[in-house]
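Please open the structure in your viewer and keep the selection tool at hand.

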Amino acid sequence: MNWNQLQSNDLLDKIKEESKSQPVLIFKHSTRCSISSMALNRLERSWDESEMEGLKPYYLDLISYRNISDQIASDFGVEHASPQVIVIKDGAAVYDNSHMGISYEELQEFAKN
């Protein structure tokens, strides 16, 4: 899986723009949490580039960049959770889920559009 690293607040503006041409996935990961590690591993094992080429993935390390997570909550109106996936389309959050609710099959639907 080819993650794009989300390491600055400036990238959130880029993500909003990118989401106008294709949906964008943000995966918020706590490197200190075993549940977060399990959810990340499940997603990475399932990820098929050919199926998911329509969904651009970004990875956020919450421990190192908590301020970006706070900005995501503010910009997109999505309550913080970890682990968490958020799909951005046309500059707005259109889907989010966390913990064991993170579903590859549900994310596939956004890659098709």
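Select P83, which is placed in the loop between α4 (66–76) and β4; helices (H or I, at least four residues) and strands (E, at least two) are DSSP runs, numbered from the N terminus. The peptide bond that joins S82 and P83 is cis, with omega about 0°.

This is a predicted model, in which local features need pLDDT of at least 70 and side-chain atom pairs count only at pLDDT 80 or more, while totals for chains, interfaces and linings use all residues. Residues are numbered from 1 along each chain as its sequence is written, and side-chain values use heavy atoms, with hydrogens and water left out.

Next, display the whole protein as a cartoon. The protein has 5 helices and 5 strands, in the sequence pattern β-α-β-α-α-β-α-β-β-α. Along its principal axes, the C-alpha trace spans about 30 × 30 × 20 Å. Of the 113 residues, 43% count as buried, where buried means under 20% relative accessible area, exposed over 50%, and partly exposed in between (1.4 Å probe, protein chains only).

Now select L25, F27, L43, L55 and L107, the residues with the most contacts inside the largest nonpolar core, which has 18 residues. A nonpolar core is a set of buried Ala, Val, Leu, Ile, Met, Phe, Trp, Tyr and Cys residues joined through side-chain atoms within 4.5 Å. Two or more residues of this core come from each of β2 (24–29), α2 (34–46), β4 (84–89) and α5 (104–112); α5 gives the most, with 4 residues.

Keep L107 selected and show its surroundings. Beyond its neighbours within four places in sequence, L107 is in contact (heavy atoms within 4.5 Å) with L25, L43, M52, L55, V85, V87 and Y95. For a second, separate core, of 14 residues, select L62, I72, F76 and I88, which are among its members.

Finally, turn to the loops on either side of β5 (92–98). D90 is found in the loop between β4 and β5; its phi is near 55°, a positive value in a residue other than glycine. D90 is exposed, with a relative accessible area of 53%. H99 is found in the loop between β5 and α5, and the phi of H99 is also positive, near 50°. With a relative accessible area of 33%, H99 is partly exposed. Most residues other than glycine have a negative phi, and most peptide bonds are trans.
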